[in-house]
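Trainee: Could we go through this model together? I would like to start with the strands and then turn to the helices.

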Amino acid sequence: MGKIVCFPSLSAEQQQRILDAAPGYTLTVSKAKEIDPAELTEAEIIVGWSPLVTEHALKKDSLLKWVQVWSAGVDNLPFSDLEQKNIQVTSANGVHAIPITEIIVGMMLSHSRWLRQAMLHQQQAEWKNPGKPLPELHGKTAVIVGVGEIGTEAARILKAFGMNVIGVRRSGKDVPNVDHMYDMSGLHEAVGKGDYVINILPLTDETHHLYDQTAFEHFKTSSCFVNVGRGPSVDTEALIRALDSGQVAYAALDVFEEEPLPAEHPLWQKDNVLITPHIAGSTEQYTDRALDIFVENLEAYLAGKTLPLNLVDYSHKY
């Protein structure tokens with residue numbers, strides 16, 4: 001009889017979905033800080049992640065075979081330890097496609113249609129207008145850097161706005177609704193074409209500070225930079241210099257190198273920056289969507305098949 005340990009809180013109905021998919025397995029749902037360490041040592045499958053997994057479930061005599069992470073990002077995992085024990089890891093990549101796409105569009109519209117500025121004037125009861133015609137998204141070019149599940153959904157929606165869509169991804173493989181795809185070697189050429197540059201990349205050794213001074217020098221001076229990927233993929237000081245010099249016109253940022261962003265940080269004071277507190281992936285549908293991924297993987301696992309959804313490649317760390 002196998003044991004499944006789950007850190008995320010699940011309703012009785014959601015727990016039953018797991019038990020129905022895994023006859024003969026037991027299921028323990030518990031907060032990480034309340035879990036009996038013996039449960040982790042005996043677990044064959046763990047849903048979620050905690051440093052306690054490293055401490056108890058990666059020991060020499062532990063039974064762990066598979067970790068279904070409850071987040072899309074896996075950059076905090078001890079890959080060398082997991083790989084050494086030949087433990088499979090799957091992520092919840094794809095859960096965020098809809099909410100992050102919606103916040104991307106919201107950020108772009110906030111800039112193009114002057115919504116952020118209007119809100120600030122509203123707080124002062126000031127009737128002001130931009131003083132010039134407002135741009136449209138229609139006909140503009142969006143460059144999506146990191147075209148996975150989220151980027152593919154974003155491309156679909158942005159095409160509905162009549163935008164030209166350019167993509168950048170490691171493989172360079174085409175996807176629907178992207179007019180032209182580059183591999184990562186074409187990043188600088190791609191961003192130079194963007195009225196909007198949207199970063200959705202995961203954090204890896206290769207993407208750390210990918211957006212440095214050289215990258216920003218290739219941006220259009222009228223461009224809007226949207227970051228809903230990972231904060232450390234951007235050299236913050238280089239971004240600030242680009243915003244101050246006019247090399248980048250506007251930035252909409254949900255993620256940062258340091259979180260929470262300190263109150264004294266200069267980004268807070270910039271009129272050409274929109275800040276949201278790492279909420280792009282927040283959705284009331286999160287648990288149900290993540291559970292769908294886990295149950296499909298669970299059925300494949302029990303059938304002795306390759307896990308079909310979001311199997312992490314240790315060589316790429318995502």
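Trainee: How many bridges join E1 to E2?
Mentor: This is a predicted model. In it, E1 and E2 run parallel and are joined by four bridges. Val5, for example, has Thr28 in E2 as its bridge partner.

Trainee: And how many bridges pair E1 with E3?
Mentor: Strand E1 (residues 3-6) and strand E3 (residues 45-47) pair over three bridges, in the parallel sense. Ile4 has Ile45 in E3 as its bridge partner.

Trainee: Are the residues on the two faces of E1 buried or exposed?
Mentor: Lys3 and Val5 on one side are buried, and so are Ile4 and Cys6 on the other.

Trainee: At what angle do H1 and H11 pack?
Mentor: Helix H1 (residues 12-21) packs with H11 at an angle of about 10°, and their axes are 9 Å apart. H1 and H11 are therefore roughly parallel to each other, since angles under 35 degrees count as such.

Trainee: Which residues make that contact?
Mentor: H1 contributes Gln14, Arg17, Ile18 and Ala21. On the H11 side there are several, including Leu291, Phe294, Val295 and Leu298. The residues of the contact of H1 with H11 divide into seven nonpolar, two polar and four charged.

Trainee: Changing topic: what is the order of the sheet of seven strands?
Mentor: That open sheet has the order E8-E7-E6-E9-E10-E11-E12, and the pairing is parallel. At its edges are strand E8 (180-182) and strand E12 (273-275), each of which pairs on one side only. Neighbouring strands are turned by 15° against each other on average, direction ignored.

Trainee: How many bridges pair E6 with E7?
Mentor: Five bridges pair strand E6 (residues 141-145) with strand E7 (residues 164-168), in the parallel sense. Gly167 in E7 is the bridge partner of Ile144.

Trainee: Which strands does H5 touch?
Mentor: H5 packs on this sheet, touching strand E9 (196-199), strand E10 (224-227), strand E11 (250-253) and E12. Its direction makes about 150° with that of E9.

Trainee: And which strands does H7 lie across?
Mentor: H7 lies across E6, E7 and E9, and runs at about 175° to E6.

Trainee: How far apart are the axes of H5 and H7?
Mentor: The axes of helix H5 (residues 97-112) and helix H7 (residues 149-160) are 9 Å apart, and the two helices pack at an angle of about 50°. H5 and H7 are therefore oblique to each other. The crossing in which H5 passes H7 is right-handed.

Trainee: Which residues meet there?
Mentor: Among them are Ile100, Ile104 and Met108 in H5, and Ile150, Ala154 and Ile157 in H7. The residues of the contact of H5 with H7 divide into ten nonpolar, one polar and two charged.

Key: Residues are numbered from 1 along each chain as its sequence is written. This is a predicted model: local features need pLDDT of at least 70, side-chain atom pairs count only at pLDDT 80 or more; totals for chains, interfaces and linings use all residues. Side-chain values use heavy atoms; hydrogens and water are left out. Axes are lines fitted to C-alpha atoms, for helices over the stretch in contact, and angles run from 0 to 180 degrees between N-to-C directions. Angles under 35 degrees count as roughly parallel, over 145 as roughly antiparallel, 65 to 115 as roughly perpendicular and the rest as oblique. A crossing is left-handed if the near helix is turned anticlockwise from the far one by less than a right angle, and right-handed if clockwise. Contact means heavy atoms within 4.5 Å. Ala, Val, Leu, Ile, Met, Phe, Trp, Tyr, Cys and Pro count as nonpolar, Asp, Glu, Lys and Arg as charged, and the others, Gly among them, as polar. Two strands pair if DSSP finds at least two bridges between them. Buried means under 20% relative accessible area, exposed over 50%, partly exposed in between (1.4 Å probe, protein chains only).
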